[in-house]
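Here is my note on the structure, written as numbered points for a reader who is new to such models. Please keep the structure open beside the text and look up each residue as it is named.

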Amino acid sequence: EFPLPEAYSVRTVDLLVRLPAGYPNAKPDMFWTIPRVTLTNGHVPQGATVTENHGGRSWQRWSRHWTTPWRPGTDGLDTFLVAVRNEITKGI
């Protein structure tokens, strides 16, 4: 029940984060949601047009390539989730 802002067609989603090989030294770069999300204007969010199967479920992939450097030993899942929330809050 990950909450989404009013800019989206649904108000809560299941959120999937896959940690890359090498984590916590390697930075995650994408996240996935169920159900499929559109903006209230009907557009698909930027970088979220692909569907992938994980764990027997079809997830909407949000492709993000973060420009903020990853700081091993400082950054972790908590800081990645802040970045996810910031991206979602943009509503684009």
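1. Helices (H or I, at least four residues) and strands (E, at least two) are taken here as DSSP runs, numbered from the N terminus, and two strands pair if DSSP finds at least two bridges between them. With these terms, β4 and β5 form a hairpin that has two residues between the strands, and Gly55 in the turn has a positive phi of about 60°.

2. Before reading further, note that this is a predicted model, in which local features need pLDDT of at least 70 and side-chain atom pairs count only at pLDDT 80 or more, whereas totals for chains, interfaces and linings use all residues. Residues are numbered from 1 along each chain as its sequence is written, and side-chain values use heavy atoms, with hydrogens and water left out.

3. The five strands form an open sheet in the order β1-β2-β3-β5-β4, with antiparallel pairing. Because β1 and β4 stand at the edges, each with a single partner strand, one side of each is left without a neighbour in the sheet. Strands of a sheet pair through backbone hydrogen bonds, either parallel or antiparallel.

4. Two of the pairings can be followed residue by residue. Strand β4 (residues 50-54) runs antiparallel to β5 and is joined to it by five bridges, and the bridge partner of Thr51 is Gln60 in β5. Strands β2 and β3 pair in the antiparallel sense over three bridges, and Leu16 has Trp32 in β3 as its bridge partner.

5. Helix α1 has 14 residues and reaches 20 Å from its first C-alpha to its last, close to the 20 Å expected at 1.5 Å a residue, where the expected span is 1.5 Å times one less than the number of residues. After α1 comes Gly91, whose phi is positive, near 65°.

6. Which residues of α1 are buried? Taking buried as under 20% relative accessible area, exposed as over 50% and partly exposed as in between (1.4 Å probe, protein chains only), the buried ones are Phe80, Val84, Glu87 and Ile88. They lie on the same side of α1 because they cover an arc of only 95° around the axis, the arc being that of the directions from the helix axis to the C-beta atoms. On the other side of α1, Asp78, Val82, Thr89 and Lys90 are exposed.

7. The buried residues of α1 pack against β1 (2-3), β2 (12-16), β3 (30-34) and β5 (57-63), where contact means heavy atoms within 4.5 Å.

8. Glu87 deserves a separate look. This residue, in helix α1 (residues 77-90), counts as buried because its relative accessibility is 13%. Leaving aside residues up to four places away in sequence, Glu87 touches Tyr8, Arg64 and Trp66. The side chains of Glu87 and Arg64 make a polar contact (2.8 Å); a polar contact is a pair of N or O atoms within 3.5 Å, and within protein one must be able to donate a hydrogen and the other to accept it, while residues adjacent in sequence count only if both atoms are side-chain atoms.
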